[in-house]
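Please read the numbered points with the sequence and the model at hand.

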Amino acid sequence: MKRVSIAAGIIVNSAQDQVFITRRHDQAHQGGKWEFPGGKIEGSETPKRALLRELKEEVGIDATEVSPFISLDFDFPDKALSLDFFLVCRFDGEPAGCEGQEGVWAPIAELDNYTFPDANDAVLEKIHARF
């Protein structure tokens with residue numbers, strides 16, 4: 001099974017202890033679940049460059065302060081992923097679902113109330129430990 005490389009952003013509003021998350025379209029892999037915005041790393045893109053492009057396309061922001069947060073590999077029965085997550089602490093614009101997906105500012109303390117793909121378990125643990 002070919003491994004797909006993904007870059008995703010944990011968009012933080014630290015003043016209100018929130019992160020911006022989006023819901024996957026029902027027909028997508030792991031459809032209906034919540035996720036941190038991002039997408040596939042294309043060609044010779046670095047993970048950070050892919051993240052900046054994806055955040056602009058998917059949620060309409062220009063990330064200006066980005067730092068690595070966690071990298072991991074995760075294998076679903078039907079898909080193998082390499083995931084690079086970044087903290088996005090500063091950005092221009094207001095995030096919104098630019099591709100028709102639902103998006104919300106979720107309180108960090110309430111992230112366990114949202115259903116994420118299992119690949120996000122380690123990310124959520126680290127967010128709870130850090131914030």
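Which residues lie nearest the centre of the largest pocket?

1. The model is a predicted one. In it, the largest pocket has 29 residues in its lining, and those nearest its centre are I6, R24, E35, G38 and G39. The volume of this pocket is about 580 Å³.

2. Several elements contribute to that lining. Two or more residues each come from β1 (3-13), β2 (18-23), β4 (38-40), α1 (47-59) and β6 (80-92). The largest share belongs to β1, which supplies four residues. By residue type, the lining of the largest pocket comprises 12 nonpolar, eight polar and nine charged residues.

3. On the record: an unreviewed UniProt entry carries the annotation "domain: Nudix hydrolase" for residues 1-129. In the model, this span is 17% helix and 42% strand, and its end C-alpha atoms are 33 Å apart.

4. Is L81 buried or exposed? Its relative accessibility is 10%, and because buried means under 20%, L81 counts as buried. S82 is likewise buried, with a relative accessible area of 18%.

5. The contacts of these two residues can be set out in turn. Leaving aside neighbours up to four places away in sequence, L81 touches R3, V4, I6, L72, D73, F74, D75 and F76. With the corresponding neighbours within four places left out, S82 is in contact with R3, V4, S5, I6, L72 and D73. L81 and I6 are 75 residues apart in sequence, while their C-alpha atoms are 7.0 Å apart in space. I6 is also one of the residues nearest the centre of the largest pocket.

6. Helix α2 (residues 121-130) has a buried side formed by V123, L124 and I127. Why may these residues be said to line one face of the helix? Seen down the axis of α2, the buried residues fall within an arc of 95°, so they line one face.

7. The face turned away from the buried side carries E125 and A129, which are exposed.

8. N120 lies in the loop between β7 and α2. This residue is buried, its relative accessible area being 6%. Which residues does N120 touch, not counting those up to four places away in sequence? They are W34, F36 and F85.

9. A further loop residue is P95, placed between β6 and β7 (103-107). P95 counts as buried at 6% relative accessibility. Residues up to four places away in sequence aside, P95 touches F20, V59, I61 and W105. P95 and Q18 are 77 residues apart in sequence, and 13 Å separates them in space, C-alpha to C-alpha.

Note on methods: Residues are numbered from 1 along each chain as its sequence is written. This is a predicted model: local features need pLDDT of at least 70, side-chain atom pairs count only at pLDDT 80 or more; totals for chains, interfaces and linings use all residues. Side-chain values use heavy atoms; hydrogens and water are left out. On a 1 Å grid over the protein atoms alone, a cavity is a set of points where a 1.4 Å probe fits but cannot get out, and a pocket is an open set with protein on both sides within 12 Å along at least five of seven lines; lining residues have an atom within 4 Å of a point. Grid points are joined across faces, edges and corners, and a volume is the space filled by probe spheres set on the points. Ala, Val, Leu, Ile, Met, Phe, Trp, Tyr, Cys and Pro count as nonpolar, Asp, Glu, Lys and Arg as charged, and the others, Gly among them, as polar. Buried means under 20% relative accessible area, exposed over 50%, partly exposed in between (1.4 Å probe, protein chains only). Contact means heavy atoms within 4.5 Å. The arc is that of the directions from the helix axis to the C-beta atoms. UniProt positions are given in the numbering used here, feature names are shortened, and annotations may be inferred rather than shown by experiment.
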